Structures are given as C-alpha cells and as structure tokens.
Amino acid sequence: MDQDNAILAVDIGGTKTLVALVSESGIVAEATVPTRREDGPDAWLAAVADAASPWRGQFRSVGLAVTGFVRSGLWSAMNPATLGIPADYPLIAKVEELFGVPAVAFNDAQAASWGEHVLGAGRGQDMVFLTISTGIGGGIVLNGRLLEGLAGHFGLTAEGDENVFLEDRVSGRWMAAEARRLGHEVEAREVFAAAATGEAWAVEIVEGSAHRVARLCRNIQLVLDPPQIVIGGGIGLADGFIDRVRSLVAPPGQVAPVSLCRAELGVHAGILGVADLARAKSPHAGG
Ligand code: BMX
C-alpha cells in the first residue's frame, strides 16, 4: 500500500458510522461503530478516533461523509429527527485537531453518489443517486460533476400537502414507527421479513414507502431525466424493495420508463466516494 496516499474515510450516518483506511487500490481495513444519537458530535468523533487508532500515521488526510448539511467546514442537521447535530458544529476544525492531518467533508449521500459514479453502478455516466436509510439522501452527478450544497436532499422535499418531510413517511425510522402504531414492536428489517411472508400489515408499510419513492423517482425524471437513478441504502437495497418501486414507477399512459438500478458499492459507497473526493481536493505532492 502507498501509505503516503491513503485516506481515513469516515461515513457518519443516523444509525451507524463506518470508518475505513482507503488506499488508491481500495479499502485496506474498516470498522463499524454505532452512531450513539444522544451523545453528540464530540462523542461520535471520539468513537471514530478510537476505531481508527490502529491506523495512526498511515493516512495523509481525512475524508468525512456525513448525514446533514456541510458548508465551510461547519456541520448542521437538516432534519434533526435523522440525526440531532447542533447548528454549525465546527466539523473540519475538530477533525483536523483530533487527527493532525487535513480534512474535507461532504454530505454522506453526495459522497456516495460520487462513489457510485466513479466505481459503481453509475460508472462514467450522469446519474441521480438515492439512499433510503435512516433518512433519504441523494446526490446528482451532471456532466461528470458532483453537485454540492443542498442539491440532492430529496428526503427533505415536502410530502403531500402536510408539513412533513418525505423521508419522515418513507425511511427505516418511519417503517418502525408505523409498525409500532399497528401493534408490532419491530425494526424495519423485520417489517421486510414479515412482508416477504405476506403479512398484510407489513406489506402495507413496504408498499406505502415504495409508492412514495416511486413518485419521487418520477419527479426526478421530470426534472433531470438522468440516464439512470441508482438506489442504495439499507431500505433501498432490502429484498424486493426496488422491484416494488419499479412496478409502481410507470403507471400506464406515461411515456418514457424510468431506469432504476441497484447501487453496487452497498455500504461502502460513501467511504469510497469521499476517499476519491479527498484525494482530488488535496492531490498528493508525489502525484
Ligand atoms: C437527511 C439529511 C441528509 C442525509 C439523509 C440521509 C440530516 C441529519 N440528514 O435527509 O443530509 O443525507 O438524511 O442520511 O439532516 P442517513 O443518515 O439516512 O444516511
């Protein structure tokens, strides 16, 4: 491994945090820790430092892919229900102090889009990426360029005429809450398992979520008409979910089909994407 050119890549999501040492040829080592939602960002970063301690001195910069909004090195929640990040948390400054190397930060789904564009299902093509997990994140690659800022925050679009975010009616969190409302104390994973055996309450929840994702895909197509929409995330990749979305996405009478495909990099899209972005932002002196 070219140690001088390795990146410590970190993906902080609303449920778990993935920490990896990534060289130019791929992932060298990785660890997953839970994102302890109540503990706050100092504790989340301490857990990252702990997980990365075996790799001290082996990376030249840190790439962060984080749920929420990042601008000028400051990190904030868009939807505190996905993760309660305090407003304008000085993410880059804290990470640079913690690790003593430069850091870059991107939204988690935007980083994952870039990963899928460079190495995965969207290789070499323009694409829209959707990750359906704790929330719904997204990213847009147009003319080979990743759109940054708010672009791709599809989960925060309004749902119906209610004053709620789309992701609050689709995501894993919503599925578990809906199951509880219907008398089943289970997580999203178990909702899928029950739906697969035909339990009506579970089928209804999965269908409801898939229906709203299908409508979102149709709207994305009407705005951007990307060659493909790549779907990832724990819910997005759950058995049968994409097939359900596909069957709902093109009601009769509508013209062009939406091209949906599965993300190829799975949980690694964010860390692979952000490692590539970190490398591009601070090219190694030697090349
Ligand atoms: C929310 C928002 C996005 C994020 C998406 C997926 C917050 C904290 N997050 O829409 O920035 O990309 O969730 O996040 O406002 P994940 O945690 O489900 O991966």
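Strand S8 (residues 127-132) and strand S11 (residues 229-232) run parallel to each other and are joined by four bridges. Within this pair, Phe-129 faces Val-230 of S11. The model is predicted, and the protein chain contains eight helices and 12 strands.

**The five-stranded sheet**

- Strands S8 and S11 belong to an open sheet of five strands, ordered S10-S9-S8-S11-S12, with mixed pairing.
- The edges of this sheet are strand S10 (145-146) and strand S12 (260-262).
- Each edge strand has a single partner strand, so one side of each is left without a neighbour in the sheet.

**Ligand shell**

**Polar contacts and burial of the ligand**

- A polar backbone atom of Gly-68 is placed 2.8 Å from an oxygen atom of the ligand.
- For His-153, a polar side-chain atom lies 2.9 Å from an oxygen atom of the ligand.
- For Asn-107, the distance from a polar side-chain atom to an oxygen atom of the ligand is 3.0 Å.
- The ligand taken alone exposes 460 Å², and the protein buries 97% of that area.

**Overall chain**

- The eight helices and 12 strands belong to the protein chain, which has 287 residues.
- The radius of gyration of the protein chain is 19 Å, close to the 19 Å given by the globule rule for 287 residues, so the chain is as compact as a globular protein of that length.
- The C-alpha trace of the protein chain spans about 55 × 40 × 35 Å along its principal axes.

Key. Residues numbered from 1 in each chain as written. Predicted model: local features only at pLDDT ≥ 70, side-chain atom pairs only at ≥ 80, totals over all residues. Heavy atoms only, no water. Polar contact = N/O pair within 3.5 Å; in protein donor to acceptor, adjacent residues only side chain to side chain. Areas by Shrake-Rupley, 256 points an atom, 1.4 Å probe, with all protein chains shown as cover. Pairing = 2+ DSSP bridges. Helix = DSSP H or I, 4+ residues; strand = E, 2+ residues; numbered from the N terminus. Rg over C-alpha atoms; globule rule 2.2 N^0.38 Å.
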